[in-house]
Amino acid sequence: MTEPRIPVTEDELHAYVDNELPAERRGDVEAWLAAHPDDAARVRSWRTMAEALHVRYDAVVDEAVPKRLEIERLVRQPRKWVYGAIAATLMAFIVGGGVGWMARGAAAAPSAIQNFTVHALEAHRLYVVEVRHPVEVPGSERAHLQAWLTKRCGWLVRAPELTAAGLKLVGGRLLPGSGGPASFMMYESTSGERFTIYSAKSEAEATQMRFSSQGKESALFWADRGVAYVVSGVGDRARLTQIAQSVYDQMEKTGG
């Protein structure tokens, strides 16, 4: 597929999500997303966040102004109360608006752990369905894969041995993370179930494993020595924990 004549900007991607993109540019953006899976994944995550915000705050936006704050009622009150009422109205507006923007900021700016986990799950969903090209470097080239990702990512990257968990290394690839390059490893069982390990540098403090799930996929996040990890897969929590614990133990031994 040929790329659009004019590269798509991030502002245009946001306008596309908000349905504010000019009609004549929409086809170019959709072509761009079809050819750039990373941008397509970002657009999907933005839409998910926008839907969550609407569910949380639309009811508040549509609430009627309280009767006691209606202008018509205020101007009918005796003059001695007018100034106090107006001041109270302005204060309510300022405070309410401030709280609203604070809430908006909190909802629109998930924690570093949430953001990192979302990126890991997006990568997981994107590549586990691939049959011919799930990875860049096959598992048969483990040594090369580890050396290449270590060089590109800037920390000691290791492909853990997970045969005890019934998993074989499919391979790995280099991905763009929110703050730099990310390492992505894929493993597969004899029955075809796939698990992935996503890691990248992170400012998140060292933490115990944190479990989260989105739809059918689940993830376990932890951080250590400036690098964060997410093990993702479909299955029960016990199975995911077994795999993540094995990865964690091996990373602790190698210091990677």
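**Entry 1: the cavity**

I sorted the lining of the largest cavity by residue type: seven residues are nonpolar, three are polar and one is charged. I note that the model I am reading is predicted. I then looked up how far into the list of cavities I had to go. The count comes to one cavity of 30 Å³ or more. The volume of the largest cavity is about 60 Å³. I checked its lining next and found 11 residues. Val-157, Arg-158, Ser-199, Tyr-229 and Met-251 lie nearest the centre of the cavity. Two elements give two or more residues to this lining, β3 (180-188) and β4 (194-201).

**Entry 2: helix α7**

I moved on to helix α7, residues 142-153. Its 12 residues reach 16 Å from first C-alpha to last, close to the 16 Å expected at 1.5 Å a residue. Which residues of α7 are buried? I found Leu-145, Gln-146, Leu-149 and Cys-153. They cover an arc of only 95 degrees around the axis, so they sit on the same side of α7. I recalled the general rule: an α-helix has 3.6 residues a turn, so residues three or four places apart point the same way. The buried residues of α7 pack against β1 (137-138), β2 (168-177), β3 and β4. On the face turned away from the buried side I found the exposed residues Ala-143 and Lys-151. Just after α7, Gly-154 has a positive phi of about 95 degrees.

**Entry 3: Glu-122**

Is Glu-122 buried or exposed? Its relative accessible area is 11%, which is under 20%, so Glu-122 counts as buried. I placed Glu-122 in helix α6, residues 112-128. Leaving out residues up to four places away in sequence, Glu-122 touches Ala-41, Arg-44 and Ser-45.

Methods
Residues numbered from 1 in each chain as written. Predicted model: local features only at pLDDT ≥ 70, side-chain atom pairs only at ≥ 80, totals over all residues. Heavy atoms only, no water. 1 Å grid on protein atoms, 1.4 Å probe; cavity = no way out; pocket = protein on both sides within 12 Å on 5 of 7 lines; lining within 4 Å. Points joined across faces, edges and corners; volume = space filled by probe spheres on them. Helix = DSSP H or I, 4+ residues; strand = E, 2+ residues; numbered from the N terminus. Nonpolar A, V, L, I, M, F, W, Y, C, P; charged D, E, K, R; others polar. Buried < 20%, exposed > 50% of the residue type's maximum accessible area, 1.4 Å probe, protein only. Contact = heavy atoms within 4.5 Å. Expected span 1.5 Å × (residues − 1). Arc of directions from axis to C-beta.
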